[in-house]
Amino acid sequence: MRQMHFVAFLMTGPTCHHHGAWRHPESAVHDLLTPERYEHIARVLEQGKLDALFFADILGIYDLYDGRYDTMVGKGGQVCLLDPAVILPMMARVTERIGLGLTYSSTFNHPYQIARMLATLDHMSAGRVAWNVVASTSTLEARNFGMEQMPGRVSRYDRADEVLEACGALWDSWEEGALLLDKRSGDFADPSKIHYANYEGKWIRSRGPLTVPRSPQGRPVIMQAGSSERGRDFGARWGEIIFTLQHEKTDMQAFYEDFKGRMAKFGRAPEECVVLPSIDLVIGETEAIAREKADYVNSLVDTQLGMAQISGHIGIDLSKLDPEQPLADVQIEEGSRGSFDVILQGTAREGLTLGEAARRFATSELCPQVVGTPETIADRLTELFESRACDGFVLTPTTFPGMYEQFVRSVVPILQQRGVYRTEYAGTTLREHIRG
């Protein structure tokens, strides 16, 4: 029987998707810079048998809104305070099965560095690592790496293809069984099973071999979230977990059909990846309590912060625009028109003002917010899953860690009883989880 997959969305800052959640009385914030915070949530999510957790990451602080970073930092927006690559080994040490995902840019990092680090993490976690590959788009990130501006989308993905090819050659530079560790003979390794990579492309060159022996998975599970035509093709070629933002069931179904259909031209079967739309949950003992909880946490969103967050996403300073202006009247001549179209798509039916759209964006970044009792939430997730809108979900927290704790305690058992979700991990590696 086909079963759901779940991946938890995390960031090392006050905000994940819901930009007001950190202000909730039940949200933990004083432990943001402590290992205990991340160790605790890893244990909780493994208790719920989630496939994986992963950290989104931003290599800078958005400062486009009003030409300053005051709103983003001052109001607690999407600011990544810590390097997830340092946190994941701590989480690996307190868990045994849950997958551990890391966002790492193919634009700013060399394949040798990427391959070495991820292979090391795969060893340290006994085969549980995922790499969320991003072809970075932000000029502010580019400037932090000594670049004046980003290359165009097509060339970014062309380079990302080469990065994945080079990493693959480096990961394969050690064959299975190359490490002998034979004290009697004095043979530490078999040099005949270690090879130069000798990768050379238009942008990327790497000789190899990698210093790290072949890891338990051979290579990390590849995550991807590109939504443009070129991004979808990249994901269809490489992705094993596809993270997507879709607004409604029909949007999810259209994306699912389109994406699965693209895989054949890259010689891949549809079951070689799972498509997971993002979803926010607010869980209550009754429908009325759940609605009241949602209304309260949504009321904590700051309009100015929402405007700043949209500015960062679309590459346009919205600080000079009137928040009371109808969103449909906003003219975008520069920046990321595609990102703005996503915002329009998610709010077009309601005739919102710019300020209202900013607040909506800051509650869930326009992914569905499902509000209800454990039973009704299980009903909704099951209905989306069984209608082939997805293979499961990326869960984003409202209150932290409370939402995840509630989900594990109250929703997971219902899904398990219905037979649509695992009761135990079938294997030890992340790839086994997502293929199971």
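Seven nonpolar, three polar and six charged residues make up the lining of the second largest pocket in this predicted model. The volume of this pocket is about 280 Å³. Of its 16 lining residues, Arg 2, His 5, Glu 271, Val 274 and Asp 391 are the closest to the pocket centre. Two helices, α8 (249–262) and α15 (430–435), each supply at least two residues of the lining of the second largest pocket. Rolling a probe the size of a water molecule over the atoms shows where empty space is left.

Another part to look at is helix α1, which covers residues 35–47. With 13 residues, α1 reaches 19 Å from its first C-alpha to its last, close to the 18 Å expected at 1.5 Å a residue. Its buried residues are Arg 37, Tyr 38, Glu 39, Ile 41, Ala 42, Val 44, Leu 45 and Glu 46. An α-helix has 3.6 residues a turn, so residues three or four places apart point the same way. After α1 comes Lys 49, which has a positive phi, near 60°.

Helix α14 holds Val 408. Val 408 counts as buried because its relative accessible area is 8%, and the cut-off for buried is under 20%. Apart from neighbours within four places in sequence, Val 408 is in contact with Val 44, Gln 47, Gly 48 and Pro 413. Val 44 is also one of the buried residues of α1. Leu 179 lies 229 residues from Val 408 in sequence and 40 Å from it in space, C-alpha to C-alpha.

Methods. Residues are numbered from 1 along each chain as its sequence is written. This is a predicted model: local features need pLDDT of at least 70, side-chain atom pairs count only at pLDDT 80 or more; totals for chains, interfaces and linings use all residues. Side-chain values use heavy atoms; hydrogens and water are left out. On a 1 Å grid over the protein atoms alone, a cavity is a set of points where a 1.4 Å probe fits but cannot get out, and a pocket is an open set with protein on both sides within 12 Å along at least five of seven lines; lining residues have an atom within 4 Å of a point. Grid points are joined across faces, edges and corners, and a volume is the space filled by probe spheres set on the points. Helices (H or I, at least four residues) and strands (E, at least two) are DSSP runs, numbered from the N terminus. Ala, Val, Leu, Ile, Met, Phe, Trp, Tyr, Cys and Pro count as nonpolar, Asp, Glu, Lys and Arg as charged, and the others, Gly among them, as polar. The expected span of a helix is 1.5 Å times one less than its number of residues. Buried means under 20% relative accessible area, exposed over 50%, partly exposed in between (1.4 Å probe, protein chains only). Contact means heavy atoms within 4.5 Å.
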